[in-house]
Amino acid sequence: MDPQAAWDEMLEAILQRDWGQAVERAEALLEWMRNGGFPPETAKITMRRQWNRSMAEFGCLIALQFARQAQRRRKQKGRND
């Protein structure tokens, strides 16, 4: 797995409102890190690995929450992703 690609793709999916892709990438990245994988670089500055891990975990959890809320709203309006 390429955690940087997953991170970048998750952020792009959120911008594009591609909630299914955002959920897929966030879940994959969380699983990767929870199984001992290294985190992506989450900012354009050099930071310690633990900082990137914390930021990536938080970002993934927020992305999941945001995407699932958007998916629920769409279902309530009769549109499915």
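Biologist: Within what distance do the axes of helix α1 (residues 3-16) and α2 come, and at what angle do they cross?
Modeller: This is a predicted model, in which local features need pLDDT of at least 70 and side-chain atom pairs count only at pLDDT 80 or more, whereas totals for chains, interfaces and linings use all residues. Residues are numbered from 1 along each chain as its sequence is written, and side-chain values rest on heavy atoms, with hydrogens and water left out. With axes as lines fitted to C-alpha atoms over the stretch in contact, and angles running from 0 to 180 degrees between N-to-C directions, α1 and α2 come within 8 Å and cross at roughly 150 degrees.

Biologist: Are α1 and α2 roughly parallel or roughly antiparallel to each other?
Modeller: The crossing angle of α1 and α2 is roughly 150 degrees. Angles over 145 degrees count as roughly antiparallel, under 35 as roughly parallel, 65 to 115 as roughly perpendicular and the rest as oblique. The two helices α1 and α2 are therefore roughly antiparallel.

Biologist: How do the residues of the contact of α1 with α2 divide by class?
Modeller: From α1, the residues in contact (heavy atoms within 4.5 Å) include Trp 7, Met 10 and Ile 14, and from α2 they include Trp 19, Leu 29 and Trp 32. Counting Ala, Val, Leu, Ile, Met, Phe, Trp, Tyr, Cys and Pro as nonpolar, Asp, Glu, Lys and Arg as charged, and the others, Gly among them, as polar, the contact of α1 with α2 has eleven nonpolar, one polar and two charged residues.

Biologist: Turning to helix α2 (residues 19-34) and helix α3 (residues 49-76), how does the contact of α2 with α3 divide by class?
Modeller: The axes of α2 and α3 come within 9 Å and cross at roughly 150 degrees, and α2 and α3 are therefore roughly antiparallel to each other. Among the residues that make the contact are Trp 19, Glu 27 and Arg 34 of α2, together with Arg 53, Cys 60 and Phe 66 of α3. By class, the contact of α2 with α3 has 14 nonpolar, two polar and six charged residues.

Biologist: How many residues apart in sequence are the parts that the pair of Trp 19 and Phe 66 ties together?
Modeller: Trp 19 and Phe 66 form an edge-to-face aromatic pair, 5.3 Å centre to centre and with 75 degrees between the planes. Rings of Phe, Tyr and Trp (its six-membered ring) pair if their centres lie within 6.5 Å, planes under 30 degrees apart being stacked, over 60 edge-to-face and the rest tilted. Trp 19 lies in helix α2 and Phe 66 in helix α3, so the parts tied together are apart in sequence by 47 residues.

Biologist: Is Trp 19 buried or exposed?
Modeller: Buried means under 20% relative accessible area, exposed over 50%, and partly exposed in between (1.4 Å probe, protein chains only). Phe 66, at 40% relative accessibility, counts as partly exposed. Trp 19 has a relative accessible area of 5% and is buried.

Biologist: How many degrees lie between the planes of Trp 32 and Phe 38?
Modeller: Trp 32 counts as partly exposed at 24% relative accessibility, and Phe 38 counts as partly exposed at 40%. Trp 32 and Phe 38 form an edge-to-face aromatic pair, 5.8 Å centre to centre, and the angle between the planes is 85 degrees.

Biologist: Which residues does Met 47 contact, leaving aside its neighbours within four places in sequence?
Modeller: Met 47 is found in the loop between α2 and α3. From Glu 27, Met 47 is 20 residues apart in sequence and 23 Å apart in space, C-alpha to C-alpha. Leaving aside those neighbours, Met 47 is in contact with Glu 41, Thr 42 and Asn 52.

Terms used. Helix = DSSP H or I, 4+ residues; strand = E, 2+ residues; numbered from the N terminus.
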